[in-house]
Amino acid sequence: MTANIDMSALAVFIFFFVLVTAMGFFASRWRRAESLDHLDEWGLGGRKFGTWITWFLVGGDFYTAYTVIAVPALVYAIGAYGFFALPYTIIVYPLVFAVMPLLWKAAKERGYVTAGDVVRGTYGSRALELAVASTGVIATMPYIALQLIGMEVAIKALGLTGEMPIILAFLVLALYTYSSGLRAPALIAFVKDIMIYIVVLAAIIVVPSKLGGYGAVFSAADAAFEAKGKGGILLDSTQLVPYVTLALGSALAAFMYPHTLTGIFASSGANTIRKNAVLLPAYTLLLGLLALLGYMGHAAGLQLESNNDVVPTLFKTLFPGWFAGFAFSAIAIGALVPAAVMSIGAANLFTRNFWKVWINPDVTAAGEAQVAKITSMLVKVGALLAILLLPTQFALDLQLLGGLWILQTLPALVFGLYTSWFRAPALLAGWAAGFIGGSALVWSDGLKPLHALAFDGVTVSVYTGLLALTLNVTVAVVVNLILPAKETADDDLTVVEAESRS
Amino acid sequence: MTRLLLLAPYIGLLWVPFYNFEEPQLFGFPFFYWYQLAWVPLTSLLTYFVYRSVRHDG
C-alpha cells in the first residue's frame, strides 16, 4: 500500500473521530444517573436501555469491526464457506428470544451483573463462579485485540503509517470508557451503526452497477476460484458439516460472551430483549450483503497483499476519496464500540467475581465501580500491548480458542434456568473436560477449529467447540448421576425457577 | 405451540443439502445466497408471531 494520504479522506476521518470522542465524554451526562459510582450505573447503564438503544448497542457490539474486515476477507479467499456467518447470525436470535429474557429476569431480581454472578447465585459455588468468570475474561481479551486489528486495517488504508494513530485512538477510548462507562459505547453505537448501514448500502448498490451487476460479480468470483483451484461459490461435499457445525456452535457461543451478555443485562426488560430478537436480524442482512464485498473484490480484479485488505481496497478503488474516508471512519469507529463493551464486560467479571470474592469482600458499591473502571483501562492497555508486541497470528489463534472456551460456560449459565437437576461439582467437571479436552484437540489439529471424525471409513470434520460442548454435557450428566446428592442448604442455593408459562 | 416456529430456521438452515445449488437464481444471486438471505426476514417474522403469542411481562 502506498503512503499517499488522501486529504479529503483524512479530513472526514478526523471529523468523525473527534465527533465520537466528544460523544464519549458527553455520555456520562446522558440519561444521567444520581451517581456513576455504582456498577449497575457504570457497567450496565442503569439497566434502563429501551428497545432502540439496546438494538443499536447490541448490534454495534455483536457485529464488530473485525467482522466487517474478516468476513469479506474469508469470502474473498475461499468463497461460500465464509458465509457460515450468515446462518450463524440468523439462528442465534430464536435462541436469544427463548433464553435471554429468563436470564435477564434472574439478573434483575437478584442484582446479577455478570455470568459469574448468575452461576454463584444459582449453584452457590465459588469454584464454578471462578471458572465461568475467568473463562469470560480470557475469551474476551483476544477479541478486544481483534478489534484493534480491524482498526489498524482502516487506519493503514488511509495512508497513515506507524503505531501512533492506533495508540492515540485507544487511549482516548480508554479515557472516556473510564469516565462514562457503558453509556459511552451505547451513545457512540448510534453513529457507528448508521455509518456502517450507509457504507454497506452504498457498496451493494454502487459497486455491482460499476462491475456489471450481481450476475457478473458471482461469475467473476466463480472464475477466480476455478483458476485458483481452491474455494468456490457453492460448498463442496467436505465443507457441509463444517459449515453447519460452525454456524451452530458460534450461535450457541455468541451470547455467552461478556460483551453480549452486558448488552442483554443493560436492557430495560424481558420484552425489550424479545423485541430485539425480532429486530436485530436487520444487522444480519447487512452482514450477508457485506460478505459479498469479497466477491466484488474478484469482479473488480483487485490485487491484494493480504485478504484483509479487500474491503478497504475496494472502497479506495471504486469510490471518491471522501467517501472512502467515511467508510474507513465507520470501520475504525466500529472497533471502538465493541472494544469498549468488551473491556467493560471483562472489568465487571474481574470486579464482581474475583476482586470482591478473593481480595476485598467488604468493598463498597463505589469501590466496586472504581475497581471496574481501572480494570477496564488495564484490559485495553493489555490488548494494545499484545497487538504491538506479539505476532498478529497469536491474537487470531487465541480468539479462535476463545470461542471454544466461552461455549463451555453454556451449561453452567443456561441449564439452571430450566432445571434444578444439575449440581455445581458436575457442571464444574463438565466445564473442565470441555475446556481442556477441546483446547487439546484444537492444539493437536494445528490450531484449526475443525476436528476430523471417522465413521465407518467416512471422515467428517466437525467444529471442535461443539465436540467439546458434547463432552462437557456428557461429563456433567455422568458426574451428576454418580455423585451422591447433598442436602440443599441455604437460600443461596435456590435455583432460579424456570418460567412456568410457555 | 406457537413457540415451535422458532425451530424452523434451524431446520431450514442447518440442512445444507436443501440449498447448496446455483439454480434457480434471483437478481443474479445463486440459490445458495438468496435462500439464506431470505431466511433473515422470515426468521424475524416467525419470531414476531411468537412474540405476539407470549404473555408480556415487562
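Let's start with helix H19 of chain A. It has 16 residues. From first C-alpha to last it reaches 23 Å, close to the 22 Å expected at 1.5 Å a residue. Keep in mind that this is a predicted model.

Which residues of H19(A) are buried? Here is the list: A:Ala395, A:Leu398, A:Gln399, A:Leu401, A:Gly402, A:Gly403, A:Leu404, A:Trp405, A:Ile406 and A:Leu407. What do they pack against? Six helices of chain A: H7, H11, H18 (365-389), H20, H21 and H22.

One of those partners is H21(A), and I'll take that next. Helix H21 covers residues 424-444 of chain A. At 1.5 Å a residue, its 21 residues should span 30 Å. The end C-alpha atoms are 30 Å apart, so the two agree. After H21(A) comes A:Gly446, with a positive phi near 70 degrees.

H21(A) has its own buried set. Look for A:Ala424, A:Ala426, A:Leu427, A:Leu428, A:Gly430 and A:Trp431, among others. Further along, the buried residues include A:Ala433, A:Gly434, A:Phe435, A:Gly438 and A:Val442. The buried residues of this helix pack against H6 (115-123), H7 (126-157), H19 (392-407), H20 (410-418) and H22 (464-482), again in chain A.

Stay with A:Leu427 for a moment. Setting aside neighbours within four places in sequence, what does A:Leu427 contact? The partners are A:Tyr123, A:Leu128, A:Pro411, A:Ala412, A:Phe422 and A:Ala476.

The largest nonpolar core has 196 residues. A:Leu427 is among those with the most contacts inside it, together with A:Leu148, A:Ala291 and A:Phe328. Which helix gives the most to this core? Helix H17 of chain A, residues 321-359, with 20 residues.

Now a helix pair. We describe two packed helices by the angle between their axes and the distance between the axes. Take H1 (residues 7-26) and H9 (residues 183-211) of chain A. They pack at an angle of about 150 degrees, and their axes are 8 Å apart. The crossing of H1(A) past H9(A) is right-handed. On the H1(A) side you have A:Leu19, A:Val20, A:Met23 and A:Gly24. They meet A:Ala184, A:Leu187, A:Ile188 and A:Val191 of H9(A). By class, the contact has seven nonpolar residues, one polar and no charged.

Helix H1 of chain A also holds A:Phe17. Buried, exposed or partly exposed? A:Phe17 has 18 C-beta neighbours inside 10 Å, so it counts as partly exposed. Between A:Phe17 and A:Thr392 there are 375 residues in sequence and 25 Å in space, C-alpha to C-alpha.

Next, where the chains meet. How many residues of chain A are in contact with chain B? The count is 33 residues of chain A, against 28 of chain B. On the chain A side, five helices each supply at least two residues: H5 (85-110), H10 (213-228), H11 (240-254), H13 (270-279) and H14 (281-291). H5(A) gives the largest share, eight residues. By class, this side of chain A has 24 nonpolar, seven polar and two charged residues.

On to the loops. One lies between H2 (39-42) and H3 (51-62) of chain A, and A:Lys48 sits there. A:Lys48 has 16 C-beta neighbours inside 10 Å, so it counts as partly exposed. Apart from neighbours within four places in sequence, A:Lys48 contacts A:Arg31 and A:Ser268. A:Gly269 is 221 residues from A:Lys48 in sequence, yet 8.0 Å away in space, C-alpha to C-alpha.

A:Arg47 is in the loop between H2 and H3 of chain A too. Most residues other than glycine have a negative phi, and most peptide bonds are trans. A:Arg47 has a positive phi, near 50 degrees. It is partly exposed, because 17 other C-beta atoms lie within 10 Å.

Last stop, chain B. The loop between H1 (8-14) and H2 (31-53) contains B:Pro24. The peptide bond from B:Glu23 to B:Pro24 is cis, with omega near -10 degrees. B:Phe27 lies in the loop between H1 and H2 of chain B as well. Its phi is positive, about 50 degrees, although B:Phe27 is not a glycine. Is B:Phe27 buried or exposed? Exposed, because 10 other C-beta atoms lie within 10 Å.

Notes
Residues numbered from 1 in each chain as written. Chains lettered and ligands numbered in written order. Predicted model: local features only at pLDDT ≥ 70, side-chain atom pairs only at ≥ 80, totals over all residues. Helix = DSSP H or I, 4+ residues; strand = E, 2+ residues; numbered from the N terminus. Expected span 1.5 Å × (residues − 1). Buried ≥ 20, exposed ≤ 12 C-beta atoms within 10 Å, placed from the backbone. Contact = placed C-beta atoms within 7 Å. Nonpolar A, V, L, I, M, F, W, Y, C, P; charged D, E, K, R; others polar. Core = buried A, V, L, I, M, F, W, Y, C linked by C-beta atoms within 7 Å. Axes fitted to C-alpha atoms, helices over the stretch in contact; angles between N-to-C directions. Left-handed = near helix turned anticlockwise from the far one by under 90°.
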